[in-house]
Every structure is written in structure tokens, then in C-alpha cells.
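Thank you all for coming.

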Amino acid sequence: MCGIYGFIGEGKVEDLVNGLKKLEYRGYDSAGIAFLKSKNLIVEKRTGKVDALRSLMNGRLEERINAGIAHTRWATHGMPTDINAHPQMDCTKKIAVVHNGIIENFATLRDALTSEGHIFVSQTDTEVIAHLIEKYFRGDLFEAVRVATLDLEGTYAIGVIHADIEDEVIFARRKSPLVIAANDFGTYCASDVTPLISVSRDVVFLEDGQIARLKRNKFEIFENSGKPVENHFYHINWDEKSAEKGGYKHFMMKEIHEEPRVISDALVGRIKDGKVIFEEIKDWNEYIKNIRKINVIACGTSFHAGLVFKYFLERLRPFDVEVEVSSEFRYRNVFVDDRVLNIAISQSGETADTLESVRLVKSLGGKVLAISNVVGSTLTREADRTLYINAGPEISVASTKAYIGQITVLYLLAIYMDQLMGGNHSEMVINLTKLPEIVDNFILTQEDSIKSIADKYVGYTNFMYIGRGINYPSALEGALKLKEISYTNAVGYQAGELKHGPIALLDEKFPVMAIVVDDELKDKMISNVLETKARNAQVVAIVSASDRKVSSLVNDVIRVPDLESYLYPFVVGIALQLFAYNVANDRNLNIDMPRNLAKSVTVE
Ligand code: F6R
């Protein structure tokens with residue numbers, strides 16, 4: 001949450017704004033920059049999106065600068081106002097700080113600093129950092145930041161610049177990511193790799209407790225004790241174009257259209273002779289053969305991917321799989337031993353609750369397998385092993401292609417585990433390899449008809465999504481997509497639960513999205529659909545292409561390709577993404593940056 005970008009070297013004001021623009025998906029209620037120009041520290045900030053900041057800087061964008069820091073905010077402490085926007089400054093107005101994360105002891109620090117004479121102007125926790133650095137500054141900015149961070153409790157990624165120190169910018173991290181890259185023009189730091197792809201593909205991730213001193217021609221990293229550390233470079237193979245819209249109106253639509261490619265990329269190198277191979281975990285084969293329980297830990301859409309995994313693995317063999325949202329898991333008295341496999345799923349690899357769950361598991365001696373999209377993210381560095389989904393950067397806040405990439409890798413993982421336990425699933429493996437083409441064709445042929453159905457339902461303020469078995473997680477995910485981007489009250493339920501309460505909500509104003517594809521539970525689903533029709537609810541059913549039974553019972557149908565029943569989560573998931581997208585688009589909403597949300601939830 002929130003985005004940080006900064007550099008020292010040859011640049012102009014616009015570079016700061018452009019860097020921020022690429023991070024806007026991280027938070028977007030206000031934006032600001034601080035830069036050094038002819039020994040002056042200039043700070044400009046404004047409520048609203050990065051474009052509001054761009055307008056503010058109009059006429060000055062071409063100004064040459066030597067160094068700067070920039071921030072796009074997702075408010076935690078204090079309303080999104082110009083004053084609360086970052087950068088925050090100290091009393092002398094010589095120090096500017098941008099910050100991601102939450103300083104938990106900010107109230108105590110602010111009281112102490114106030115009694116020492118410091119004057120606060122904002123309601124942010126960040127401002128205490130600026131005043132602390134002021135307190136410790138004796139001419140060495142790096143040292144002042146280092147000592148100040150020792151007083152901080154909570155999480156932070158910070159960037160600091162000082163009016164009198166022209167040749168360095170300081171960054172520090174605890175539990176909130178920062179990445180550094182350099183080229184012939186300067187040295188750059190950001191809260192994720194997206195704005196750094198154009199700088200260099202070889203990047204260094206700061207570790208918790210580390211502080212970086214960026215100079216024009218080099219950067220050095222230190223522990224917060226002051227001890228220097230060696231830089232470890234990660235190579236990022238993301239394509240710069242993948243962080244651009246490529247002709248689509250929104251990133252979300254572009255990312256949905258990338259899904260056939262995402263499935264192929266997740267399969268590449270992982271299938272041989274009808275079998276799944278995972279080089280990344282082959283040294284775990286003996287361990288996997290002996291596991292008796294799996295804990296899956298994730299949040300939001302990644303949690304739904306985890307639920308699909310549970311249903312799929314249970315089809316292959318009875319297995320004890322527990323899927324829990326990380327914000328609950330981390331506070332439980334969980335069972336972990338050497339026969340338990342813990343799988344943490346996180347697109348960003350930076351979700352605070354998921355990271356804390358991983359730390360809990362590891363403190364209990366458990367092993368963690370990460371499923372992530374971001375090379376070098378905190379999760380991938382803390383987990384014992386990682387399976388990457390290789391989906392490329394996901395910019396839209398609502399996750400679409402990462403979800404499809406996650407379930408692809410999780411299907412492979414389930415098959416891999418079952419192979420080790422004696423199963424043979426070559427037919428499933430072949431069916432997975434056919435999916436990219438099927439999905440591509442489905443999107444091309446059904447996109448318009450899904451749009452027309454969305455147009456018809458755009459006026460409703462409530463929606464109930466129902467499914468059973470492996471399509472129950474799709475109901476949860478479909479409802480989440482609709483609610484987060486269109487602000488429709490959408491709830492997902494196991495269809496069998498309707499009559500235990502939620503059916504009371506239904507009437508002609510409360511439509512139902514029912515997943516009634518051709519699978520083992522279709523007849524049960526039909527009974528549930530009839531129950532909802534009996535309450536006058538309008539029903540949109542997602543049915544298999546060849547269905548003739550359901551279409552006559554409901555108001556509208558979305559047809560997905562006829563598939564083996566275990567493959568429906570792919571196409572149903574995509575159909576529901578397209579439906580949500582079109583409802584939100586009809587309402588003219590800011591689809592890629594929905595209100596109150598941010599990509600990568602790095603606060604608890
Ligand atoms: C919904 C969405 C969120 C994320 C959740 C976990 O569209 O994007 O629900 O899935 O915040 O994020 P990661 O996967 O990065 O841990």
C-alpha cells in the first residue's frame with residue numbers, strides 16, 4: 001500500500017511524476033514529491049491521483065533536478081488531505097520523508113518530540129519520522145536515519161532527502177518492500193519493481209532492518225547496526241510493455257485478455273511426458289510423500305485460489321487440506337509439524353498478514369512453500385521454496401490474471417503431489433495444456449454476450465452468487481470482483497446454505513448468479529436455482545455450452561465451454577471477471593483503482 005519512488009542522478013521533475021504514475025495502483029488518495037534544486041528543498045503535494053500532482057507541477061515538469069523522492073498514498077493515519085500527503089517535513093523544513101507502512105508507537109514518539117519543542121502540522125504517523133531524523137541529525141543524514149529507525153515500532157519503507165546533503169538519498173525498510181536499481185544516469189529506489197524495469201532488470205531488494213545510501217554512481221546497504229552488507233542482485237524478466245495498457249481502456253481488461261498466455265506461461269517447463277515436474281521442489285519429494293496435512297494461507301482472491309486447490313486435490317485423493325485467511329491463521333494455535341506442508345499464496349508476496357502467518361509457521365519449525373508472482377518479494381525470500389506463477393506485472397488492483405495463474409500452478413502442484421503418492425494423471429495434464437486455446441476462444445466469442453448481460457443487470461444494487469463444490473470458490477471470487485470494482489453488494493454462498501438464512505434476502509430486486517455447469521452437482525444446483533426463482537429472483541446462470549436444461553429455467557445464461565468438470569473454475573472465473581468488469585464500466589467507475597483499495601496490502 002502506498003508507493004515510493006526516488007532517485008539521485010540526472011533527471012527532471014517529470015521523472016518523479018512518471019515513476020509515481022507506475023506505482024499509482026499501490027494507493028491513490030494523494031501524491032507528492034520532494035526534490036533538490038540549487039541547494040533548495042522543494043516539496044509539492046496534492047490530494048487526489050498522480051494526475052492532480054502532474055497538473056500542479058505543470059510548467060515545471062521539465063526542470064532539471066539532481067535528486068528527489070516521491071509518494072502516492074493510501075491513507076492510514078489522517079484523512080487524505082494536502083497536509084497529510086507525503087512528503088512530510090521536520091521543523092527546519094530541510095528534511096523530507098516519504099513512508100509506507102504504519103508506525104505503531106507514533107503517538108508516544110509524537111508526545112515526546114512535542115515536549116522537546118517539535119511542532120507537528122499533520123495527523124500522520126510519518127511526520128514523527130521527519131522530526132526524529134531532525135533530532136538526530138548532526139551533519140550525517142545516513143547516521144541520523146539509522147538512529148531514528150531504532151526508535152520506530154511497526155512497519156516502514158522510507159525515503160529521506162535533506163536540503164544540505166546534495167549527494168545522497170537514504171532509504172530504509174522494515175516489513176515494507178523497497179527495491180534498488182542503477183544505470184549510467186543514476187541510482188533509483190522504489191517500493192516495487194514496476195518503475196524500475198526501465199532502469200535495469202537487475203535489482204537488489206532491501207531486507208528488513210537495512211538502510212541504503214544512494215549516491216549518483218553507487219549505492220551501499222547496511223544493517224541498522226551500521227554494518228555493511230553485500231548486495232545480492234535478482235534478475236527480473238518482466239517486459240516493460242506489460243506495465244502499459246496496450247490499447248485497452250483499463251489494465252483489468254488487458255489482464256483478462258492475457259489469461260490464455262498466463263496459463264501457458266505457468267505450464268512452461270513444468271510438464272514432461274504427461275507428468276508434472278517441478279525443479280523448484282524436487283528435493284522435497286520424500287517430504288511431500290510423507291505429508292499428512294496441508295495448511296493453505298492467503299488473503300482475498302489468493303484465498304479463493306487456495307479453496308479451488310483444496311477441492312481439486314481432494315478429487316485426486318482424500319486429503320486433509322485446511323484453507324484459512326491469513327489474518328485469522330496468524331492468531332490461531334495452529335498445528336504444524338514435519339508432516340504438514342504450509343502453502344502461502346500471494347500475488348504480490350508482500351501481504352502483511354500472509355507474511356506474519358509464514359513467520360508463525362516457521363517459528364513452529366514448519367516448512368513453507370510460496371506461490372507468488374513477484375520475483376524477490378518478501379514472501380519468496382522468507383519461504384523455504386517458491387513456485388512462481390510467471391504472470392507478469394498485474395497492475396489492476398482487482399486481481400484477474402494472477403488468480404488464473406495461481407490456480408494453474410496449484411493444479412500442477414496437486415497433480416505433482418499425487419504423482420509422488422502413486423497417482424497417474426496424464427489425461428489431466430494433457431487437458432491442462434489445451435486450456436490456453438480454449439480460454440482464448442472463449443474470451444473472444446463470449447465477451448460481447450457477457451457484456452450484454454452485464455448491461456441488463458447494471459441497475460441492481462445487490463447480487464447473490466451461488467455455487468457448489470469446486471465452483472463454490474468461484475462464487476466467492478465472482479462476488480468479490482463485482483463488489484470491489486462496481487461497489488455492488490455481492491455475496492457468495494455455498495448454494496446449499498441458501499435456505500439456512502440468505503434466501504430471506506431474495507426478491508425481484510435481488511438477482512442471483514448461479515454456477516450450474518455440467519458436473520456431478522448440477523442437479524443439486526438446479527434445485528437451488530428453482531428455490532431462488534420461487535422467490536421471484538432474477539437468475540443469471542453460468543452453464544456449459546451444450547446445456548439445454550437450465551437455460552429454460554432462468555432469465556439469462558452465460559455459456560462456458562464444455563469441459564471436464566474439474567476445469568470449470570478457469571472459465572467460470574473468467575466469465576465472472578468479465579461480468580464484473582462490464583458492470584463497473586457501465587457505471588463509468590475507475591476500474592483499475594477502485595475506491596478505498598490498494599494493490600498489495602502491506603499493513604495489517
Ligand atoms: C482482489 C484482490 C485482493 C488480493 C489480496 C491478496 O481482487 O486483489 O483480494 O487478492 O489482497 O493479495 P496478494 O495475493 O498480493 O497477497
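This is a predicted model: local features need pLDDT of at least 70, side-chain atom pairs count only at pLDDT 80 or more; totals for chains, interfaces and linings use all residues.

**Core, pockets and backbone**

The peptide bond that joins His-86 to Pro-87 is cis, with an omega of about 5°. As background, most peptide bonds are trans, and most residues other than glycine have a negative phi.

Asn-390, placed in the loop between β22 (385-388) and α13, has a positive phi, near 60°, and is not a glycine. Asn-596, which lies in the segment after α17 (568-586), also has a positive phi without being a glycine, in this case about 65°. Are these residues buried or exposed? Asn-390 counts as partly exposed, because its relative accessibility is 37%, whereas Asn-596 is exposed, with a relative accessible area of 61%.

Now to the interior. In soluble globular proteins, nonpolar side chains tend to be buried together. Here the largest nonpolar core holds 96 residues, and those that touch the most other members are Ile-294, Phe-309, Tyr-411, Leu-413, Tyr-465 and Phe-579. The element that gives the most to this core is helix α13 (residues 401-420), with 14 residues.

Let me turn to the open spaces, beginning with the largest pocket, which has a volume of about 660 Å³. It is lined by 31 residues, and the closest to its centre are Cys-299, Gly-300, Thr-301, Thr-351 and Val-601. At least two residues of that lining come from each of α9 (300-316), β20 (340-346), α11 (352-363) and α15 (472-486), and by class the lining residues divide into twelve nonpolar, 13 polar and six charged. Because domain 2 (244-424) and domain 3 (444-592) both give residues to the lining of the largest pocket, this pocket lies between them.

The second largest pocket, with about 330 Å³ of space, has 15 lining residues, and Lys-21, Glu-24, Lys-245, Phe-251 and Ile-395 lie nearest its centre. Its lining takes at least three residues from each of domain 1 (3-236) and domain 2 (244-424), and seven of the lining residues are charged, with five nonpolar and three polar.

Finally, the cavities: a search of the whole structure finds three of 30 Å³ or more. The largest cavity has a volume of about 210 Å³, and of the 23 residues that line it, Arg-26, Ser-191, Asp-192, Glu-350 and Val-374 are the closest to its centre. The second largest cavity has a volume of about 70 Å³, and its lining includes Cys-2, Arg-73, Trp-74 and Asp-125, together with His-86, the residue whose bond to Pro-87 is cis.

Technical notes:
Residues are numbered from 1 along each chain as its sequence is written. Side-chain values use heavy atoms; hydrogens and water are left out. A nonpolar core is a set of buried Ala, Val, Leu, Ile, Met, Phe, Trp, Tyr and Cys residues joined through side-chain atoms within 4.5 Å. Buried means under 20% relative accessible area, exposed over 50%, partly exposed in between (1.4 Å probe, protein chains only). Helices (H or I, at least four residues) and strands (E, at least two) are DSSP runs, numbered from the N terminus. On a 1 Å grid over the protein atoms alone, a cavity is a set of points where a 1.4 Å probe fits but cannot get out, and a pocket is an open set with protein on both sides within 12 Å along at least five of seven lines; lining residues have an atom within 4 Å of a point. Grid points are joined across faces, edges and corners, and a volume is the space filled by probe spheres set on the points. Ala, Val, Leu, Ile, Met, Phe, Trp, Tyr, Cys and Pro count as nonpolar, Asp, Glu, Lys and Arg as charged, and the others, Gly among them, as polar. Domain bounds come from an automatic or database domain assignment.
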